[in-house]
Amino acid sequence: MGGQSMNGLERGFFLLGKTVGRFWYACLAATLAVYVALALGLWDGAIEDDFFGYQVIKPRSRLQRETNYYESRVDEGYVGGSETVLAVSTESGKNVLNRKNLMQAADFLDAQNMVDIGISYRDTTITGREVLLLQPPTPQPFRFTVLDCWQEGSFDFDGTIVTINPDAQQPLDVIVYTVEPFYTSEIPAVTPYNYCLFARVGLLFAPIPDADPSLFGRCRQFINLDAEERNQGLADAYDFYRFYLYDMAKSTSSFNVAWGCRAPFADEPPGRCDLELTCCQVAQLNQECALCNGGNNIGGSNNCTAACSNSNSDWNANDRYDANYSNFDACNAFGFYPVSPPFAAAIGTTPTRPTEPLPLDSSYADCAERRAAYEAADPAQTTELVRLAMEEVICDFGGTGASTCPRGLVQADFDWRFGPLIASDAELKFWGLSSQCAMWDGGPEGLDIFPYVGREQVLGKIDLDNGEADVELHLYLSRGWKAMCDRLRDETGQVIGTQDCKKGREEWLRKFSAEGHGRAKES
């Protein structure tokens, strides 16, 4: 993480990475098997047709025998096993790196659930949980797919961030607390893929490093043009909090104790901010003094109070303050400072969040003029104001000057809109051919548990000049017959003989081939 010291959550994922690292040989075997096959000339025209037609390394085929021969030399214990391959778009000349084909692949795989594919072989039940190599402690299989370049790569991640690290429970609780008022149904699972999308607004209620949006690397975009509609609750939360911070930046003349007149601090007695004054009184004084600025007349008035003139306080004057905007009626929904339950316990107050029901119809009848100004504002300028309010107020609670938000936040972390989150056609081609995408950990940009997915592994014939590829592959790692047999015994209590184990595995691979061949017809 850029040489910074790790917080508790990051350390937990680091230790997880060391655990997952025990399976390095499987990833190595997968990569080397492909390149060795190429080097040995196994990928000639006739075999290529057979290879793509069966969608797996066909049991008992020459390709499987030669691949197994190589892998058995790498892994004499048969823990790694052979590699299975699923191709989604196999028609020659088709470009798979366009939105339609990528969504067809994503929707197809999302519906198939490869791990639960099962057979009954001589009274023994065999599923993908026994055959496929899974990454502990999740039931997600080790696989290489170009879909991991986007949010849609989460198609087979079953669980939440807590599934892979129990220490993530508090950040998850804060995220749920932050967005819950905006959902009319169950909040979707927060996975390593979409964590960054939730953590951005979660920083409002948990200005702590554990909520770092970049924990799992680059924040992936969506392939789906309907991403906002499919994530309406989060989209509503984005809009509300974006307007909330825009309003704070435009109507606050002093950032020093700018939270003093908001719940839960507005009704507190003297003591937190001053022995004789309440936090709200201190905030009001700061606002007045920032306009006077000790007599420098930046607010258009020469009537600065004696308290301002005689004080050496730093008002942290806001040069983006808009007096005309501030004269508009205020939004009643914004009369709070974001305080999550853990944050409240730490600073000795009560939790707060938007009151329900929220003005999700965008009417904001009590502050229509402010809402109109927000909607008419340049999006880039609004993002700058969101960043300003976050850095000067939310991440500097108490006016210490020491930011409580994660270091290294980028502009995108403050741009709470769904538009930039949807990949353009050019971005689909760029990331699809980048060889800089990885499974949920984010690769070297994130926790660095899994390697980047090389484009040569997951795409067929590549045309770099036009940004196209004619075949999309999804490479799964399977257990060898002995490892599968051992897992059947240990996990399900089923004991079968060597030959039945070998043949049962082959039968499962055939079903995997049959059910894994295709793509969604409508996406």
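Predicted model: local features only at pLDDT ≥ 70, side-chain atom pairs only at ≥ 80, totals over all residues.
Trainee: Hi! Let's start with helices. At what angle do α8 and α9 pack?
Mentor: Hello! Helix α8 (residues 169–179) packs against α9 at about 80 degrees, and their axes are 8 Å apart. That makes α8 roughly perpendicular to α9, because angles from 65 to 115 degrees count that way.

Trainee: Nice. Which residues make the contact?
Mentor: From α8 you have P171, V174, I175, Y177, T178 and V179. On the α9 side, look for Y195, F198, A199, V201, G202 and F205.

Trainee: And how do they split by class?
Mentor: The contact of α8 with α9 has 10 nonpolar residues, two polar ones and no charged ones.

Trainee: Okay, on to α9 and α11. How far apart are their axes?
Mentor: They are 11 Å apart, and the helices, α9 at residues 195–205 and α11 at residues 232–251, pack at an angle of about 40 degrees. The two are therefore oblique to each other. Their crossing is left-handed.

Trainee: Who meets whom there?
Mentor: L197, F198, R200, V201, L204 and F205 of α9 meet L234, Y238, Y241, Y244 and L245 of α11. By class, that gives 10 nonpolar residues, one charged residue and no polar ones.

Trainee: Which way does α17 lie relative to α11, parallel or perpendicular?
Mentor: Roughly perpendicular. The axes of α11 and α17 (residues 379–392) come within 8 Å and cross at roughly 75 degrees.

Trainee: What should I click on to see that one?
Mentor: In α11, pick R242, L245, Y246, M248, A249 and K250. Their partners in α17 are P379, T382, T383, L385, V386, L388, A389 and M390. This contact has 10 nonpolar, two polar and two charged residues.

Trainee: Changing topic: how much space is in the largest pocket?
Mentor: About 790 Å³. It is lined by 34 residues, and the closest to its centre are D110, Q151, E152, S154 and F155.

Trainee: Which elements give two or more residues to that lining?
Mentor: Those are α5 (99–112), α9 and α10 (227–230). The largest share comes from α5, with five residues.

Trainee: What classes line the pocket?
Mentor: There are 19 nonpolar, seven polar and eight charged residues in the lining.

Trainee: Last topic, the backbone. Where is the cis peptide bond?
Mentor: It joins A263 and P264, with omega of about 10 degrees. P264 sits in the loop between α11 and α12 (279–292).

Conventions
Residues numbered from 1 in each chain as written. Heavy atoms only, no water. Axes fitted to C-alpha atoms, helices over the stretch in contact; angles between N-to-C directions. Helix = DSSP H or I, 4+ residues; strand = E, 2+ residues; numbered from the N terminus. Parallel < 35°, antiparallel > 145°, perpendicular 65-115°, else oblique. Left-handed = near helix turned anticlockwise from the far one by under 90°. Contact = heavy atoms within 4.5 Å. Nonpolar A, V, L, I, M, F, W, Y, C, P; charged D, E, K, R; others polar. 1 Å grid on protein atoms, 1.4 Å probe; cavity = no way out; pocket = protein on both sides within 12 Å on 5 of 7 lines; lining within 4 Å. Points joined across faces, edges and corners; volume = space filled by probe spheres on them.
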